[in-house]
Amino acid sequence: MRGEEEQIAKRLAELAARAERTGHVCFSDFLSPAEAQWAESAARRQKIRVGLEGGYEDAERRIACFSAEPVYEDFPIAAIELTWPHQKAPEHRDILGSVLGLGLGRQCVGDIVPTEERAYLFCQRRMADHIAASLLSAGRVRLQTRVLDQLPRIQPPEGTPLHDTVSSLRLDAVIAAGFDVSRADAVQLIAAGRAKLRHLPEERPDARVQEGDVISLRGYGRLAVEAVGQPTRKGRLPLNMTRYGKKR
């Protein structure tokens, strides 16, 4: 682990230990998928419970709640509605860049979920009013903001079912099949640091993919590997997959 990662892991271990010692719930900041796994490991070591919540189903960035009892707590998460009347929708990276430009750390902010006419920014509840009052634009797009009284209902993304066969379960082979690129292009995209396997960066084209894995490819979308079939007579492996997002 790098120094920053070690500090986050240590902080999560301290929160788990405090929850076990005091019997009180302890909340983390927003965590990446990899950091959420560290939270679950910390809870197992202390033999306590941990709940993870990001404000909507299938959220990527989530807050951990450590508790000695079943986790039914009201997580300290708020949602800010962003609109841009009569303008082109801002890019996700522009919204995030403007939020971080307010001097906030990434741990203060959860997912940014765009829809056709608005976007929802999930954040720590204590920061919501400050962000809403200060977030005036994203790139060149002027924003109107509103802190919602309740968390919004986010519809799950529509995916495209895919059925294909691969010569092996190497990451480059699965990316080539799932994102409709050549094997050589898949290798280059992986080497460029654009791929994540099981929510973690992966730069090895020969990394092994398993049934149930999620692959993210920046600029192309996300791929869920739902089932791996028995080898065909030619030795190829059938895959059932769902692809989310479109190639840019």
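Modeller: A term to start with: buried means under 20% relative accessible area. Also, this is a predicted model.

Colleague: Fine. Is C26 buried or exposed, then?

Modeller: C26 is buried, because its relative accessibility is 6%.

Colleague: How many disulfides are there?

Modeller: The structure has 0 disulfides. A pair of cysteine sulfurs has to lie within 2.5 Å to count. The closest cysteine sulfur to that of C26 belongs to C65 and is 8.2 Å away, so it is too far for a bond.

Colleague: Change of topic. Which residue in β6 stands opposite V109?

Modeller: C123 does. Strand β5 is joined to β6 (residues 118–124) by 4 bridges, and the two run antiparallel.

Colleague: What is the strand order in that sheet?

Modeller: The order is β5-β6-β4-β9, an open sheet of 4 strands with antiparallel pairing. On average, neighbouring strands are turned by 20 degrees against each other, ignoring direction.

Colleague: Now the second largest pocket. How much space lies in it?

Modeller: About 150 Å³. It is lined by 13 residues, and I77, A78, R125, D149 and L151 are the closest to its centre.

Colleague: Which strand gives the most to the lining?

Modeller: Strand β4 (residues 77–83), with 3 residues. By class, the lining has 8 nonpolar, 4 charged and 1 polar.

How values were computed: Residues numbered from 1 in each chain as written. Predicted model: local features only at pLDDT ≥ 70, side-chain atom pairs only at ≥ 80, totals over all residues. Heavy atoms only, no water. 1 Å grid on protein atoms, 1.4 Å probe; cavity = no way out; pocket = protein on both sides within 12 Å on 5 of 7 lines; lining within 4 Å. Points joined across faces, edges and corners; volume = space filled by probe spheres on them. Nonpolar A, V, L, I, M, F, W, Y, C, P; charged D, E, K, R; others polar. Buried < 20%, exposed > 50% of the residue type's maximum accessible area, 1.4 Å probe, protein only. Pairing = 2+ DSSP bridges. Axes fitted to C-alpha atoms, helices over the stretch in contact; angles between N-to-C directions.
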